[in-house]
Structure formats: structure tokens, C-alpha cells
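Open the model in a viewer and keep a selection panel at hand. The stops below go from the whole chain to single residues.

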Amino acid sequence: MQIYINPDKKNWAELLSRPVADNSAIMNTVQSVLDDVRSRGDAAVREYEKKFDKAELSELLVSKEEIEEASMLVSQDLKDAIAQAISNISKFHSAQLRDLPVIETCKGVKCWQKAVAIEKVGLYIPGGTAPLFSTVLMLAVPAKIAGCSEIVLCTPPNAEGKVNPAILYAASQAGTTSIYKIGGVQAIGAMAYGTESVPKVYKIFGPGNPFVTTAKQIVSVKDVAIDMPAGPSEIAIIADDSQRAEIVAADMLSQAEHGTTSQSMVFTTDASFAEQVKAEAEKQCNASPRRQFIEPSLDNSKIFVLSSMNEVVDMCNSYAPEHLIISCKNYGDIAERIRNAGSVFLGYYTPESAGDYASGTNHTLPTSGYAKAYSGVNMDSFIKKITFQEITREGLDGLGKTIETMAENEFLHAHKYAVTIRKGK
């Protein structure tokens, strides 16, 4: 991990670059799996489960008995933690539901908007190196609150055909309607196209490896919507010497342990503090049981020492991090100046881990700089908004001339006539 002292602004873009994964080499493989799943349905899915997850499955759907068995295997402490997380996530996301009033834009012309749940959504939960049951909560809870009628979850089984008990328990508590033992590209294909067992959904959510990410990008072209572009997890930390170096290092490692391509960035104005953070991060890495993931991730990570807090904020906004922790004396003032970030964590007692699990905000967030244009998953992700309008005769008399004039000048004469004929001219 390198420390950069007052880098020239013209070099910021290069210095803030993420580790780039070239997925072009796997494109053909992903496409062939998707085509096969579209063509042969369940049979293809079972073959790929045997090939990739080493699981021979007679049934793709997780049974009620398997869910009950999983519940028996989950500790009461974890059940209590999941219950509190669901409660907080529900409170925060429920507050996002707002009815818009009917607006009379001019006399006799009323317009309004109605939020309608996406009927069928698909949630992908990776297997990988950690059972991400927290992601189940982040996706299924708002989907249920929104009123999605089908909430389909796919997650890879182990070689014995079993799904992690915590994932199954979380899914059963959060409101999924069906759970399938399917991973990887074949899961994305099954949800995008539908098979004999898996219903076709209208939008797919959830993280995944480069194969899953590529599959989501392919199916999003014409078959199904997806939540957002996805890349490796990342965190930025704005810190001053009022923070403890070991706390900043711990926050860096909380993202670095996700995988070898994760990235942790620190922005500060104190060179001595930067050196302390670097030394502490290396110390904690050496002591971590997930060192094999953290060490290469820290190689992708950087610490920037800038001349002023104004430059710190500017450089952080240029990076547009997925997660941003602000650990400074005046964190509230700095937060007001943040324009590009997925989720922001303020002050000494607010670790990024809180948002990952149980504070109530969603942890499915834009990565790879997409925070400049994308929001994280929220209630709007699970609903579509339909506009309505109602115009009286008086309203059309008042607005008709405007419509006719605009249509005529766009040379769309049928548009004009649809107004004219109603006016009785």
C-alpha cells in the first residue's frame, strides 16, 4: 500500500483508478451457458450445478423441510440478530414510501403518480468465501415492503446439495416466496428466461463474481432489468488525527477482506497519521484469518495526504466511493459537501459494518465510481411509477392550442388532430 503526498490534480484520475477486471475472456463462456439455460431449462441448470458447484440435484427448489432443518441449525443469538436487523431495515425502508398528491398543473388538468410494485423480482446471493445472509435481508425485506408478489432467491449449494442454514433462515424470515439451489451464470439465466422450475422475473438484484456480473449485463440488454452495474467492494475514509490509526485500519480491512480485488482508500491532511495507518493496517492484516484476501486487496489500496480539507473532499468526490467513512472533528460540515458516495458513515462510533448488517440502510450500493450517477438499492428499486392524467373539457380548451402548436411544429399532424377532433373543430 502506497502513500501519496500532495499528488498533482492532473494525476488524480490515474491514482484513483480501481483494479480492472477484463471480463471479455469469459464472455463466450457466459453467453453459451445462458443460451443453454434458455434452450434446455432445468436440464441445463442441473448439468451446470454438477459441473460448477459439484452438486447433483434432483430438485432445484428448496423444500419446506430443508428450511425447517436450517432453522434448527441457526443459533438463537443469530436469530435474534437477524430479527433486529429486519426490524431496522424495515423501519428505514418503510419510511421511504410516500404518496404524491394530485397536482392541477392548470385549470382542468390533473396529473398524479402511482407507485406499483414490480411483480416478480429475483435475488442472487453468492456462495463464495462467506455466507452473505445479510444481503438476503437487504434485498428481500424492501421487496416485501414494496409488495412484490414473487420474490425468487437463487443461491449456490455445496457439494452435498445443501444451502447455508443462515441464508435459508434469513430468506424464510425476510419474505422470499421461493428459494432455489442454483448458483452462478445458470442462476441468472434461470431467473432471466424462466425454466420448468424457476419463474421468469422482471428484475434481478444481487452481487456476484465476474461470471455473474457478466451474465447480469448480458441479460439486461433485452430480457430483464438489473439493479445496477457491480464491481468489487470498496471504501474511502476521510480522517484526521482526532481518530485512532488502528480504527481507520480496521475500517480499511472491513472491506479488504471481501476479496482480492477490493480497495480501501484513505484521505487525510496529516502525513504522520498516514504512516501510522499504513503500519497498523499491515499489522492487522498479518493477524487476520482472512489474510489471503486482505493482503492483495491492500496492494490495491492507497493513502493520500493532501494540503487541505478542501482538496480531501474534492479528491474523495472524484473517487465516488461505494462506502465513505468520515472520521474528523467536523464530520458534519464535511458530510454536507459530499456529492458522490453510495453510503456515508459519520463519526467515531459509526463503522461501515453497521450499514452492512443492521443499522437499517441498504448495503447494496454502486461501486466502480457509479456513485456519481447511481443510488444504492432502496424502495424505488422495487417499484415502478405510473403517471396518470385527467383533463376536463375546460382543461382541453385551455391547453389544446399549446399542444396543437407544438405537434404541428414537430410535423406530427396526427398528434395535433387527436386534440383538434376533441375540440370539435
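A residue counts as buried when its relative accessible area is under 20%. By that cut-off, 48% of the 425 residues in the protein chain are buried. The model is a predicted one.

**The whole chain**

Show the entire chain as a cartoon. The protein chain has 17 helices and 14 strands. Along the principal axes, its C-alpha atoms fill a box of roughly 80 × 60 × 45 Å. Of the contacts in the chain with a separation of 6 or more, 76% are between residues 24 or more positions apart.

**Helix 5 against helix 6**

Select residues 76–94, which form helix 5, and residues 133–146, which form helix 6. At what angle do helix 5 and helix 6 pack? The angle is about 40 degrees, and the axes are 10 Å apart. Helix 5 is therefore oblique to helix 6. The crossing of these two helices is right-handed.

Now show side chains at the contact. Helix 5 contributes Leu78, Ile82, Ala85, Ile86, Ile89, Ser90, His93 and Ser94, while helix 6 contributes Phe133, Leu137, Met138, Val141, Pro142 and Ile145. Sorted by type, the residues of this contact are 11 nonpolar, three polar and no charged.

Stay with helix 5 and pick Ala85, which lies in that helix. Is Ala85 buried or exposed? Its relative accessibility is 4%, so Ala85 counts as buried. Apart from neighbours within four places in sequence, Ala85 is in contact with Leu137, Tyr357 and Ala358. For a distance label, draw a line from the C-alpha of Ala85 to that of Thr364: the two residues are 279 apart in sequence and 15 Å apart in space.

Next pick Thr135 in helix 6. Thr135 counts as buried because its relative accessibility is 3%. With residues up to four places away in sequence left out, Thr135 touches Ile125, Pro207 and His363.

**Helix 5 against helix 7**

Which residues make the contact? On helix 5 they are Leu78, Lys79, Ile82 and Ile86, and on helix 7 they are Ala166, Tyr169, Ala170, Gln173 and Ala174. The contact of helix 5 with helix 7 has seven nonpolar residues, one polar and one charged.

**Helix 2 against helix 9**

Select residues 24–40 for helix 2 and residues 210–219 for helix 9. The angle between helix 2 and helix 9 is about 65 degrees, with 10 Å between the axes. Helix 2 crosses helix 9 in a right-handed sense.

From helix 2, Ile26, Met27, Thr29, Val30, Gln31 and Leu34 meet Pro210, Phe211, Thr214, Ala215, Ile218 and Val219 of helix 9. This set of residues comprises nine nonpolar, three polar and no charged.

**Cysteines**

Select the cysteines and show their sulfur atoms. How many disulfides are there? The count is zero, where a disulfide would need two cysteine sulfur atoms within 2.5 Å.

Centre on Cys154. Its sulfur has the sulfur of Cys148 as its closest cysteine partner, 16 Å away and so too far for a bond. Cys154 is buried, with a relative accessible area of 0%.

Move to Cys328. The nearest cysteine sulfur to Cys328 is that of Cys316, 10 Å away, and Cys328 is in no disulfide. Cys328 is buried too, with a relative accessible area of 4%.

Most residues other than glycine have a negative phi.

Ser368 is in the loop between helix 15 (352–357) and strand 14 (383–391). Ser368 is not a glycine, yet its phi is positive, about 55 degrees. With a relative accessible area of 34%, Ser368 is partly exposed.

Last, go to Phe411, in the loop between helix 16 (393–409) and helix 17 (413–420). Phe411 is a residue other than glycine with a positive phi, near 60 degrees. Its relative accessible area is 66%, so Phe411 is exposed.

Notes
Residues are numbered from 1 along each chain as its sequence is written. This is a predicted model: local features need pLDDT of at least 70, side-chain atom pairs count only at pLDDT 80 or more; totals for chains, interfaces and linings use all residues. Side-chain values use heavy atoms; hydrogens and water are left out. Axes are lines fitted to C-alpha atoms, for helices over the stretch in contact, and angles run from 0 to 180 degrees between N-to-C directions. Helices (H or I, at least four residues) and strands (E, at least two) are DSSP runs, numbered from the N terminus. Contact means heavy atoms within 4.5 Å. Ala, Val, Leu, Ile, Met, Phe, Trp, Tyr, Cys and Pro count as nonpolar, Asp, Glu, Lys and Arg as charged, and the others, Gly among them, as polar. Buried means under 20% relative accessible area, exposed over 50%, partly exposed in between (1.4 Å probe, protein chains only). A crossing is left-handed if the near helix is turned anticlockwise from the far one by less than a right angle, and right-handed if clockwise. Angles under 35 degrees count as roughly parallel, over 145 as roughly antiparallel, 65 to 115 as roughly perpendicular and the rest as oblique.
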